[in-house]
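Have a look at the structure first, then work through the points.

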Amino acid sequence: MIKKISTTLLVLCLVVLNSCKLDLLDNPNAVTTSNTDINYLLNQIELSYAGHFNSLSDPGMRLTRMLNQGSAIYDNAVSPGNFDGAWTTAYAAILTDVKTIIPLAEKAELFVHAGIARTLRASVLINLVDAFGDVPYTEAIDPTNFNPGVDAGATIYKSALTELDEAIKNFAATSKAGATNDLLYAGNADSWTRVANTLKLKIYLNMRLTDAAGSTTAINALIAGGKLISTATQNFAFKFGSNLTNPDTRHPRYGGQYSSTGGGDYQSNSYMGTLYSSKGFPDPRIRYYFYRQTIKNPTDVNALRCVNNSKPAHYSDSDVFCLPSTVGYWGRDHLSNEGIPPDGLLRTAWGVYPAGGSFDNDAGVPVSLGAGGGGAGIHPILMRSFVDFMLAESALTLGTTGVAKDLLKSAIEKSMADVRTLALGTNEAGKIATFEAASGTVWATEVTKYVTKVLADYDAATTTTQKLNVIGTEYWLALHGNGIESYNLYRRTGKPSNQQPALDPSPGGFPRSYYYPASYITRNAKAVQKANVTTSVFWDNNPAGMLK
């Protein structure tokens, strides 16, 4: 009886197994193009893009004195090991995912999805060229090619322009469904069209040094088309939340500084000093950009070693050194690589803009977990003020449509308004109102005073170079939180002029591009490391030694 049952069970098992068409090569847990949720993939591309922006913005901020650069010489500041994460995010995440999503989106007639992916791919390509110069593209993202060769930076720029034109066509097409899960514009095709056109403006402005005539024609066409970012709702900014865990949605600069022990970034003495005193009065944005954990300057050499040091001999009388003010702005000088004393709850912290930190109301109390805006800040990628600054530079240097002075005025006013709007949209709004009432501060009056001063400086400038310095300096001050564009600005124009020197009188040549990442050099047989960091990207034909 037992034998008969066993035989029956064996036959039954064979029947069941033979009736199941099992393909052991298919992993039911693996994501494939047939089971990919296109909205989730788009979200992942956008999240990766935010990380890409942050990783390439950081070195740009440090090189342009927006943040302290914690290396004594430039070669160490941009060492190959610093860029592995940025490179991997670009190639293994964004460019790979974009290559996957576009055919899926276009086959399903989800053209807004495709357009967003194309726009972000173009932006990543531009950023890679601006950072490294010639990089792999046409042979990249090929699973059969482990050693892709590089494409010329100028060629990739042309590919990016073509990609942006295709994206604009996607946005103009009729989609079967909207990209409602889009993290930046909720699928608004007009806003994305403006981003694409603004990226084209960025490209042509960079290329003005090598193709002035072509850039002039192209920029005038973009102006005439009327589809550049121009209003606050069109700002290209990645927004963060205030959630601490599961997931942590806070701005990464906030997350790195607002804790029970503080720490995080050292702000740039040069940048804070310019904001505090270069106009003869503080920039209205300074209380939004920075939060002072103390409102008194340190006198203890154990807390801040440089308080007993003399200004370096190679510094000019106008160069900030050690402390940029008398009221507690506590940062570091350019290329300072000193050790870290226990000043985590003393050094000046990121403020409410763009990091979602605290508004500076002269309280002078340490940062803490959840303080201020809780991290609900933004990555300011392409703001409406940036557009007007770029157009002001273009009008001055190329003679494109528009009056440079008028565009400068508009740019500053838009920057002020957007900083203020973000801050008032956080839970710091009440603190701001209380401070202004107690101090008699009227925001509109402060902005008007500032704009009047800048325009007077512009009128007093007698040469194009001097006027460009006014525009470039104001653009630099408005770019707080965006090192990609400040690095481009500095290499393209050499402005702001008279930047704070390195502490070491011989820091090496200023990096005109970054070293290729170590992971790329060691894993790609065709990769060749640069001889030095003074190698310029294709559009930067400014003279050697122009930057310091």
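1. Start with the cluster. Tyr74, Phe83, Trp87, Tyr91, Phe132, Tyr487, Tyr490, Phe510, Tyr514, Tyr516 and Tyr520 come together as one aromatic cluster. Keep in mind that this is a predicted model.

2. Next, the tally: the count of aromatic pairs comes to 32. One of them is Tyr74 with Phe510, an edge-to-face pair with 5.3 Å centre to centre and 75° between the planes. Tyr74 sits in helix H3 (residues 74–77), while Phe510 is in the loop between helix H17 (483–493) and helix H18 (518–523), so this pair ties together parts that are 436 residues apart in sequence. As for burial, Tyr74 and Phe510 are both buried.

3. Now for Tyr288 and Trp443. Their ring centres are 5.3 Å apart and the planes meet at 70°, so this pair is edge-to-face too; the cut-off for that label is over 60 degrees. Distant parts of the chain are linked here: Tyr288 belongs to helix H11 (residues 286–289) and Trp443 to helix H15 (residues 443–460), 155 residues apart.

4. Are Tyr288 and Trp443 buried or exposed? Buried means under 20% relative accessible area. Tyr288 has 2%, so Tyr288 is buried. Trp443 comes in at 14% relative accessibility, so Trp443 counts as buried as well.

5. Finally, check the charges over rings. Arg347 has its charged end over the ring of Tyr266, 4.0 Å from the ring centre. Back at the cluster, which includes Tyr516, Lys530 lies over the face of Tyr516, at 4.9 Å from the ring centre.

Key
Residues numbered from 1 in each chain as written. Predicted model: local features only at pLDDT ≥ 70, side-chain atom pairs only at ≥ 80, totals over all residues. Heavy atoms only, no water. Phe/Tyr/Trp six-rings, centres within 6.5 Å; stacked < 30°, edge-to-face > 60°. Helix = DSSP H or I, 4+ residues; strand = E, 2+ residues; numbered from the N terminus. Buried < 20%, exposed > 50% of the residue type's maximum accessible area, 1.4 Å probe, protein only. Lys NZ or Arg CZ within 6 Å of the ring centre and 35° of its normal.
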